Amino acid sequence: MSTTGQTQAPAATPQGDPPRESVTVTDNRTGRSYELPITDGTVRATDLRQLKVTDDDFGLMAYDPGYANVAACRSAVTYLDGDAGILEYRGYPIEQLAEQSNYLEVAYLLIHGELPTPTQLDAWTHEITMHTFVHENVKSFMEGFRHDAHPMGMLLSSVGALSTFYPDAAQIDDQEIRHLQTIRLIAKVPTLAAFAYRHSRGQPYVYPDNELSYAGNFLSMMYKMTELTYHPDPRLERALDVLFILHADHEQNCSTTAVRAVGSSRVDPYSAVAGGVAALYGPLHGGANEAVLRMLKRIERKENIPDFLKGVEQGKERLMGFGHRVYKNFDPRALIIKSAAEDVFAVTGRRNPLLDVALELERIALEDEYFISHKLYPNVDFYSGLIYEALGLPVEMFPVMFAIGRTSGWVANWLEQVQDPEQRIARPRQIYTGVRKRDYVPASAR
Ligand code: CMC
């Protein structure tokens, strides 16, 4: 959960002493007590190092696999309260942005911290539109992938490859160069994503159409065939734009953490964002929407739901699209997506019968003791896959769609990180569990 950086004034101590912003811990190994300052609701993990048994002791470390209770940065980009189901980009509630804004405006907000004026938005939109083309050589190396290559693998490699086309991107301390890469990344990721899709279909790549909106151009690059101009259905264009908004950022999630960790080595942003795409590829993160659809197909009919849920409760499998590390309440994005799904089906006329399985699965799970006691609610991925399928996308493209929206959030976090004087190279510690010093045995003697 995000902390606001503000702590409530503490009550006086039982002894009536004025309260102190600190915690006192006693090391029972030595009987010594230490006072650790509290800042912004956190203690410095390095302050634990003073807790030692002997002088040459390394000092106490915090052990937290999966970083469940570690604040690794200060960030002003996204506020998330998982218990209350609140998500805000730069302070604006996700519900208002999804209803009233558009993706490029949201991307501007995430990157710059404020909503743009009309003039700023025009300039930003123009700049991004003018950078949607990719170098012709990108097409050649896309051709090198097998016909059945996963589009997410293709996206991950091609985003990383952009660093070879723009070697100036390595100058991350130059504000103008950082700005140019920001524009390029937001502009080119949809083009790479659409090329990956067309490759998997054996269809010719479609160049960007600068007359269209961000989402409209993406639909054109995906679906245009012989027509001279592709005219996206405005309702699908809007639904896609809303999906991009909902996926734009999500605080210190796995892929953003990957972008920050890779970026902490001060590598160029294409390499850092490729790290984010790689993290998003996994089934527990952006791959979950793909996994949800495969799961719904496997369940197939409402009558099979109780058996399936029994397997989940017995720990044999997971209910994909449910549960979240930080939301212990409804994921606000899931609520917006659920209603967008109905809008899309109204346009495409393809009301997926799996939607009924999903609705019933959600209904039963929300009343089930296992899910209630584990605080498991639908997350953003539970319904997004159904929308993507209604748009005619194969499941392999689902995480790619997530990556397009998330690019602006990755870049916003990368920009914040490279300019944060407190940040250092990501380099955690470990608890060593292996064998200690032993002598090498020649192969003949083993
Ligand atoms: N189905 C069944 N049980 C679950 C599920 C689930 N989807 N999620 C968590 N649990 C149980 C888990 O078995 C454990 O139970 P117990 O304490 O009895 O052993 C408990 O809830 C805590 O689970 P956890 O794995 O320790 O929780 P986590 O915070 O490490 O994992 C998660 C979060 C999202 C990886 C997990 O909930 C999950 O695997 N969900 C399914 C995949 C999914 O939908 N991912 C998309 C996340 S949202 C979009 C994104 O950010 O990418």
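Hi everyone, let me start with a working definition: a residue is near a molecule or strand if one of its heavy atoms lies within 4 Å of it. By that rule there are 20 residues around the ligand, and His285, Arg318, Leu319, Arg325 and His374 come nearest.

Before I go on, a word on what you are looking at. This is a predicted model, in which local features need pLDDT of at least 70 and side-chain atom pairs count only at pLDDT 80 or more, while totals for chains, interfaces and linings use all residues. Residues are numbered from 1 along each chain as its sequence is written, and side-chain values use heavy atoms, with hydrogens and water left out.

Back to the ligand, then. Which polar atoms of the protein does it meet? I'll call something a polar contact when a pair of N or O atoms is within 3.5 Å; within protein, one must be able to donate a hydrogen and the other to accept it, and residues adjacent in sequence count only if both atoms are side-chain atoms. Leu284 takes part through its backbone, with a polar atom 3.2 Å from a nitrogen of the ligand. Phe322 also uses a polar backbone atom, 2.9 Å from a ligand nitrogen. On its own the ligand exposes 930 Å², and the protein buries 72% of that; these accessible areas come from the Shrake-Rupley method with a 1.4 Å probe, and for residues only the protein chains shown count as cover.

What is the shell made of? Ten of its residues are nonpolar, seven are polar and three are charged. Here Ala, Val, Leu, Ile, Met, Phe, Trp, Tyr, Cys and Pro count as nonpolar, Asp, Glu, Lys and Arg as charged, and the others, Gly among them, as polar. At least three shell residues come from each of domain 1 (78–286) and domain 2 (288–390), with the bounds taken from an automatic or database domain assignment.

Now let's step back to the whole chain. It has 17 helices and five strands; these are DSSP runs numbered from the N terminus, helices being H or I of at least four residues and strands E of at least two. The C-alpha trace spans about 80 × 70 × 55 Å along its principal axes. For 446 residues, a compact globule would have a radius of gyration near 22 Å, and the chain's 24 Å agrees with that. That radius is taken over C-alpha atoms, and the globule rule is 2.2 Å times the number of residues to the power 0.38.

How much of the chain is buried? The share is 47% of the 446 residues, where buried means under 20% relative accessible area, exposed over 50%, and partly exposed in between (1.4 Å probe, protein chains only).

Let me show you a few individual residues. Ala196 sits in helix 6 (residues 175–201) and counts as buried because its relative accessibility is 0%. Its C-alpha is 21 Å from that of Leu386, 190 residues away along the chain. Val312, in helix 12 (residues 305–313), is also buried, at 4%.

Leu156 belongs to helix 5 (residues 151–165) and, at 24% relative accessible area, is partly exposed. Another partly exposed residue is His131, at 21%, in the loop between helix 3 (118–129) and helix 4 (136–143). His131 and Asn210 are 79 residues apart in sequence, with their C-alpha atoms 9.5 Å apart in space.

Finally, some backbone geometry. Asp40 is not a glycine, yet has a positive phi of about 50 degrees. You'll find Asp40 in the loop between strand 2 (32–37) and strand 3 (78–81), partly exposed at 23%. Glu300, not a glycine either, has a positive phi of about 70 degrees, and lies in the loop between helix 11 (288–299) and helix 12.
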